[in-house]
Amino acid sequence: MFFHKNGNDGQGRAGRALPLLPLRDIIVFPHMVVPLFVGREKSINALEEAMSQNKEILLAAQKKAKTNDPTEDDIFQMGTVGVIIQLLRLPDGTVKVLVEGKRRCRIRRFLPHDDFFLCEVDAVDEVAGSSVEIEALMRSVQSTFETYVKLNKRIAPEMLMQVQTIDDPARLADTIVVHLTAVKLHDKQEILETTDPAKRLERLFELMNAEIEILQVEKKIRSRVKKQMEKTQKEYYLNEQMQAIQKELGERDEFKSEIQELEDRIKSKRLTEEADDRIAKELRKLKMMQPMSAEATVVRNYIDWILNLPWFDKTDENYDIDLAESILDEDHYGLKKVKERILEYLAVQALVKKLKGPVLCLVGPPGVGKTSLARSIARATGREFVRLSLGGVRDEAEIRGHRRTYIGALPGRIIQSLRKVGTNNPVFLLDEVDKMSSDFRGDPAAALLEVLDPEQNTTFNDHYLDLDYDLSDVMFITTANGLGEIPLPLRDRMEILELSGYTEFEKLNIAVRYLVPRQVKEAGLNGVDLEITENALRTVIHHYTKESGVRNLEREIGSLCRKVARQVVKDGEGSEATYRIAAQDVPRYLGVPKWQSNKAGEHDEIGKVNGLAYTFYGGTVLECEAAIIAGKGKQVITGRLSDGMKESAQAAITYIRSRHEELGLDEDFHEKVDVHVHFPDYEKKDGPSAGITMATAIASALMRIPVRRNVAMTGEITLRGRVMPIGGLKEKMLAAHRAGVDTVLVPRENRKDLREIPKRVLKTMRVVLVEHMDQVLREALALNDPDALFGKRPRPMEYQGGKLVTFEETDLVEPTVEGPGAQQ
């Protein structure tokens, strides 16, 4: 027997040293007999040591069962002293041992030993008082355990008799907790560590009630499932009997009649040769199946899909170009390019009779009429119209369908839409094609490649149908807000038609012709004398909307009409009052103006330049400010700018450093000052077209020369000062016109884009075509003698009143400033 040197022999009292057997997923309680399988070397050594002494061993549980090599910290401090009743060595090297728990004990400390855990333990005294409260608690626990045994069939009924005879509260708790198999290990350890028998019984009572509640719910679920199974078996049996009775009576078999109906439809339906062979094969398969089987339902659905598709069903097209043109003009104002392209298609179709459907991509900001234009195209061509929104689609199966091996499989949205519209030559609108995304389920944009390629879509193969379907007669039209999110291979298969934002004049015409009459009708004001003046509409356009399209404009006009409708009801429907809304009345109806028009500054200022930008709302005037502070050459660019704009700012600073002599700056000026460039507008900005704007602002701040307030500019800058072309010139020029700017500096290579600018805008402005930054500074800075600073250089090309007034000998041929949009 082991003893600590400061201990005594007391029969299991303080200071006793015992070998430890760590337990996994089990707690051994006093009076509990349990077999254990031991395989770890340390544990086997502990058993051998105990057998060589008095067969007593300490049984304590591990905190984590998965720990194969536990340390002292991995073992609970409270355990049970047990006696080995029987030990048997097995052929695989493990040991089977039968132990009986005797009493609780607490580990005082671990003693050093290499072969096994050796612990100095303290005995735990359990004082069980006898009172009426404990007696009542014992009876409650015994009664609850009886209920638990009735619900849990895994406990032998004889255990109830044994529990009823126990009159010791401590032993009663330890005996019952052993049979609560669903209780978690930490809860059992908590009961083991509870030395007060009364508290132990209370905790045991709580655990048993919780288990009883779970067992009652499980019993209800089992009963409900059993009833459902019985009901299903009964229905199956009755169905079989009914079919047998119908067969005996000679009644018509529904399944056979359904087969006959399918055969009749197949005979009357014109299909491709491949589809004919496939549907005949599937019908033969269906005849051999049980009508109630799941596979029969799948085959029936497949045949039904094939028969419902418009394989050769087409609508008669309209080849009358004059009628088509009048319909397009009736529905939409402007949009010359798109209308011309549709009329070209109809003209060629009228001559060729068989033309592969064009794939048009209408690109433009929200609200310019892309979706409604597609509807008008369908009306003008005499075709049916079907729309498929691709916004948020991220699964390739949405386009090509699922294979029939999947439960609930269906064809893709292309085939579904054709079945819905009922013809094989509709105008098919794929809306928001730039809003698709991809994930682990595939890339829908890649699946669209086959759909939109005229060379491939004659044999479009849907995964569900697994048949070639001809989409070449379909006129596909896609819409997008921008080309940046459309993959290049997909973009290559489409004919891009850009719809720029509407000008103020176009918005006014659209409002007068379309929006006001529509909103008057929707508000029920057809019989009311209502007049909304053009100046009132201009006020709404300038101060209550900020967009490229007319969607918000229509909402505001609708709000005006509803306010008038309310006044009409208030005055009485029979009233003959006249309602006139002028510009000064608009705030009374719509409230405080939401937007202020972008106007150029009132004074020439140092370091402040009017830039031109193309945003989500269309063109806008963007102020650029530059400040010079004494410092050590730090450069700060702020205003929610993209990396591209920051790189343009670096290029602008490098250009100014390379021209320090011409600009009258010290060679090391950049080492003595900090440069801060800021764009006050909080909207996010992108693109390199503000390069010359930032360069002008920095040069003005360094030279202390003001920038002319009536000048705006746009253009990309290179390190050598060249001005590179930009996009969105039409929208930017319109923004400058609205802001009251009369001089605009644009890259010379954008000269061709001036044809897109309305004549009435060009006539009021001076457009200077620049190709070098020196020309920009000459025009923008308020210099008394530009030649003294830059020397005499060739003047840049210049348009005034829409006509070329300054040019070089190499530019004798003047381009015609006309074309779509120039007639306004």
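K55 is found in the loop between α1 (41–52) and β3 (56–61). In this predicted model, the phi of K55 is near 70 degrees, a positive value in a residue other than glycine. That is worth a second look, because most residues other than glycine have a negative phi.

H31 is not a glycine, yet its phi is positive, at about 70 degrees. H31 is also partly exposed, and its relative accessible area is 38%.

Next come the helices, starting with α2 (residues 132–151) and α4 (residues 169–177). Their axes lie 11 Å apart and the two pack at an angle of about 20 degrees. Angles under 35 degrees count as roughly parallel, so that is the label for α2 and α4. The crossing of this pair is left-handed. On the α2 side, the residues that meet α4 are I134, M138, V141, Q142 and F145, and they touch P169, L172 and I176 of α4. Sorted by class, this contact has 7 nonpolar residues, 1 polar residue and no charged ones.

What does F145 touch, leaving aside its neighbours within four places in sequence? The list is M159, L160, V163, I176, H179 and M208. One of these, I176, is also part of the α4 side of the helix contact described above.

A second pair is formed by α11 (residues 336–352) and α12 (residues 370–381), which pack at an angle of about 30 degrees with their axes 11 Å apart. These helices are therefore roughly parallel to each other too. This time α11 passes α12 in a right-handed crossing. Here V338, I342 and L346 of α11 meet L373, I377, A380 and T381 of α12. The contact is made up of 6 nonpolar residues and 1 polar residue, with no charged residues.

The last pair is α22 (residues 691–703) with α25 (residues 773–780). Their axes come within 10 Å and cross at roughly 60 degrees. Are these two helices parallel or oblique to each other? With that crossing angle, α22 and α25 are oblique, and the crossing is right-handed. From α22, the contact takes in I692, A695, T696 and A699, while α25 supplies M773, V776, L777 and A780. Of the residues in this contact, 7 are nonpolar, 1 is polar and none is charged.

How many of the residues of α25 are buried? The count is 8 of the 8, so α25 is largely enclosed by the rest of the structure.

Key
Residues numbered from 1 in each chain as written. Predicted model: local features only at pLDDT ≥ 70, side-chain atom pairs only at ≥ 80, totals over all residues. Heavy atoms only, no water. Axes fitted to C-alpha atoms, helices over the stretch in contact; angles between N-to-C directions. Helix = DSSP H or I, 4+ residues; strand = E, 2+ residues; numbered from the N terminus. Parallel < 35°, antiparallel > 145°, perpendicular 65-115°, else oblique. Left-handed = near helix turned anticlockwise from the far one by under 90°. Contact = heavy atoms within 4.5 Å. Nonpolar A, V, L, I, M, F, W, Y, C, P; charged D, E, K, R; others polar. Buried < 20%, exposed > 50% of the residue type's maximum accessible area, 1.4 Å probe, protein only.
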